[in-house]
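Here is a friendly briefing to read with the sequence and the model side by side. Keep the 3D view open and look up each residue as you meet it.

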Amino acid sequence: MATLRRTVATAAVALTGAVAFSSAPAVSSAAPVGSAPSAASTSSYLPGSLDKAQNARLQAALDQAIARAEKNAASGAKKPGTQAAAVIYYDDSNAPTYDSLIDQSAAIWNARVTSVKLVERDGSATLKYYEGTDQGSYYQGRGRGDGLIFIDHAQANQYAPLRIVAHETGHALGLPDRYTQPCSKLMSGGGPGTSCTNPYPDSVEASEVNTLWN
Ligand SMILES: [Zn+2]
């Protein structure tokens with residue numbers, strides 16, 4: 001039923017219009033990213049065949065950011081965390097069921113990272129949340145505070161919904177899936193099973209986001 005997912009994802013992209021992928025990140029030193037993903041390229045809460053291309057891009061961008069940070073640290077060229085946080089505006093008006101969870105997720109991330117800040121701005125945002133029925137929840141975008149997050153009703157009834165929202169938001173901040181990691185990792189997503197409710201990124205995941213956005 002990959003066709004169904006593509007159809008829904010394409011419809012969501014159409015709703016977001018040009019804003020979804022064309023807005024430049026609100027930082028001067030943007031991490032190198034690949035071209036905009038195809039409509040079928042997503043990072044989901046559970047492992048799936050559609051994950052691979054986008055996750056590979058996110059991992060490559062993260063590897064480049066870490067290498068750049070190490071190079072900067074070695075040369076003393078740039079001190080990490082010395083610039084103002086990049087603001088990511090999000091719109092949750094199309095996911096009313098999860099409105100408060102989306103705001104909680106933003107607060108969780110904002111309390112743990114210093115290089116980026118999630119701010120709600122319905123009607124004029126680069127990151128948009130949607131809800132509905134599909135094959136699962138997913139993120140689609142470049143991992144630069146852009147694109148869309150889709151929350152699947154059935155999955156959110158089975159797995160902890162705040163963890164789903166925070167996990168997908170982690171993709172929008174640039175992190176790839178790591179399904180085989182433990183529940184203490186947010187980006188393990190649905191890998192540890194339905195009993196895992198942890199909605200918090202650990203210190204390594206938070207540090208990776210800071211590196212990506214510095
Ligand atoms: Zn995921």
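Glutamine 155 touches Tyr45, Gly136, Ser137 and Ile164, leaving aside residues up to four places away in sequence; two residues are in contact if their C-beta atoms, placed from the backbone, lie within 7 Å. You are looking at a predicted model, in which local features need pLDDT of at least 70, side-chain atom pairs count only at pLDDT 80 or more, and totals for chains, interfaces and linings use all residues. Residues are numbered from 1 along each chain as its sequence is written.

- Glutamine 155 sits in helix H5 (residues 153-158); helices (H or I, at least four residues) and strands (E, at least two) are DSSP runs, numbered from the N terminus.
- Glutamine 155 counts as buried because it has 21 C-beta neighbours inside 10 Å. A residue is buried if 20 or more other C-beta atoms lie within 10 Å of its own, exposed if 12 or fewer, and partly exposed in between, with C-beta atoms placed from the backbone.
- From C-alpha to C-alpha, glutamine 155 and glutamine 135 are 8.4 Å apart in space, and they are 20 residues apart in sequence.
- Isoleucine 88 belongs to strand E2, and it counts as buried because it has 24 C-beta neighbours inside 10 Å.
- Leucine 127 is 39 residues from isoleucine 88 in sequence and 7.4 Å from it in space, C-alpha to C-alpha.
- Not counting residues up to four places away in sequence, isoleucine 88 touches Val116, Leu118, Thr126, Leu127 and Gly145.

**The whole chain**

- The chain has seven helices and six strands, in the order α-α-β-α-β-α-β-β-β-β-α-α-α from the N terminus on.
- Of its 214 residues, 46% count as buried.
- Among contacts between residues at least 6 apart in sequence, 68% join residues at least 24 apart.

- The contacts of tyrosine 129, not counting residues up to four places away in sequence, include Tyr90, Tyr98, Ile102 and Ile151.

**How helices pack**

- The axes of helix H4 (residues 99-112) and H6 come within 9 Å and cross at roughly 55°; axes are lines fitted to C-alpha atoms, for helices over the stretch in contact, and angles run from 0 to 180 degrees between N-to-C directions.
- H4 and H6 are therefore oblique to each other; angles under 35 degrees count as roughly parallel, over 145 as roughly antiparallel, 65 to 115 as roughly perpendicular and the rest as oblique.
- Residues meeting in this contact include Leu101, Ile108 and Trp109 of H4 and Leu162, Val165 and Ala166 of H6.
- The axes of helix H3 (residues 51-75) and helix H7 (residues 203-213) come within 9 Å and cross at roughly 75°, so H3 and H7 are roughly perpendicular to each other.
- Leu62, Ala65, Ile66 and Ala69 of H3 meet Glu208, Thr211 and Leu212 of H7.
- H7 is mostly covered, with eight of its 11 residues buried, and these buried residues pack against H3, strand E2 (86-94), H4, strand E3 (116-120) and H6.
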